[in-house]
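Here is a short report on a structure that may be new to you. Look through the sequence and the model, then read on.

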Amino acid sequence: MSEGPNFIHPQDLAHFFAGHKNADLQNLSIFFGRADGVLLFTQNKHLLNEQESAMGVLLASAWQASAAMAAFFPGTAEKEFRYSYATSNQGIYLLPFPWQGEAYFMAAVYQAQDNPGAVKLLLRTTAQKLREFLDSLDMIADATRDVKAKPKAKAPSPKAAARSAEKRLFSNISDEEINQLFSFAENP
Amino acid sequence: MSFVNYNTKEINCKIVYYGPGLGGKTTNIQYIYQKTAPDSKGKIISLNTENERTLFFDFLPLDLGEIRGFKTRFHLYTVPGQVFYEASRKLILRGVDGIIFVADSQVERMEANLESLQGLERNLEEQTYDIEKLPLVMQWNKRDLPNISSTGDLQQALNRWQVPAFEAVATSGQGVFETLKMVSKLVLLNLKGGLQDEE
């Protein structure tokens, strides 16, 4: 999946969270990612930087594995399950964040919380605000596109649309470029 | 599913090592981890059973450096090879960009190779992937052992698509990076999104 107008952009998430100065929220580690575990935003209070990728993958995997388990039971397919792994005062809380047909998640890691319920509520409220923020960006983008649109612009032909969808990012890559990419390896 | 961020010029891709149990999938990514400079790798994650068999997956994030101005990050996964972990394998294949099929060259493991390959085809089909269009590389592992099938036999039995294949001894590293480089090249060539679309 390439980034496009229908996907959530990392810079929009950074902008949103930078504008949210809620002290309780700022005490949490927050991870926003795609269903495959690629993180688009982190507010990391607990982990080493090199652990972030692993955290994203483990969060997405735990969530997907739980969803797969839930799917064994009737009547669960259409529901959005939250995921929680917690003791009485610390834990991990994950919310599914479907947006424009794509599956994302927003998760918080909290520690030493007297009221974990309040943390979960805060995350749900933040998710709702984020949704409104993204919707507003979408409306602005639509309006801008309308203004910029040329009158009587022809829709691309089906063949042209298919060619565009099939367009490759790199038309050719040499073995030298690949070797250069793997130059990090020590005496492979 | 690859992710290309045009603003930050970053590419994320997912590569899965697939194959029968005890074929050497985990050994492949352990070798890569050992041979990778510290600043190019993240934390390796292995979700194992008590006897060190893969329970869910192994995961290794690799920062490969730049290609034509794009910072490239690959996420390497292995699937659990044991037959009864089919549900886990399906989950791990979601969003895959490239596959390395690690076959065990020992004659007595041919049936396990075939069964695993059939499972791969079935799982990809269920997720509407076309195996003929997905970057796929074969690795004939354990070439140092006695009683191994010839590469011709492996090729005939397991590689009807005639995709690139490499002999390997994952324990010593032979063929490990060659296989990864090839699938990486195929994955990058397969990325959609013309540079002229960049804004």
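## A helix across a sheet

In this predicted model, helix H3 (residues 52-70) of chain A lies across S1, S2, S3, S4 and S5 of chain A, at about 65° to S1(A). Helices (H or I, at least four residues) and strands (E, at least two) are DSSP runs, numbered from the N terminus. Axes are lines fitted to C-alpha atoms, for helices over the stretch in contact, and angles run from 0 to 180 degrees between N-to-C directions. Contact means C-beta atoms, placed from the backbone, within 7 Å.

| Helix of chain A | Residues | Angle |
|---|---|---|
| H1(A) | 10-18 | about 25° to S2(A) |
| H3(A) | 52-70 | about 65° to S1(A) |

Helix H1 of chain A lies across strand S1 (29-34) and S2 of chain A.

The sheet is open and has 5 strands, in the order S2-S1-S5-S4-S3 (chain A), with antiparallel pairing. Strands pair if DSSP finds at least two bridges between them. Strand S2 (39-43) and strand S3 (83-86) of chain A stand at the edges, each with a single partner strand, so one side of each has no neighbour in the sheet. S4 (residues 91-96) and S5 (residues 104-110) of chain A pair in the antiparallel sense over 6 bridges. There, Gly91(A) stands opposite Tyr110(A).

Now the two chains. 42 residues of chain B are in contact with 35 residues of chain A.

Residues are numbered from 1 along each chain as its sequence is written, and chains are lettered from A in the order in which they are written. Local features need pLDDT of at least 70, side-chain atom pairs count only at pLDDT 80 or more, and totals for chains, interfaces and linings use all residues.

How values were computed:
Two residues are in contact if their C-beta atoms, placed from the backbone, lie within 7 Å.
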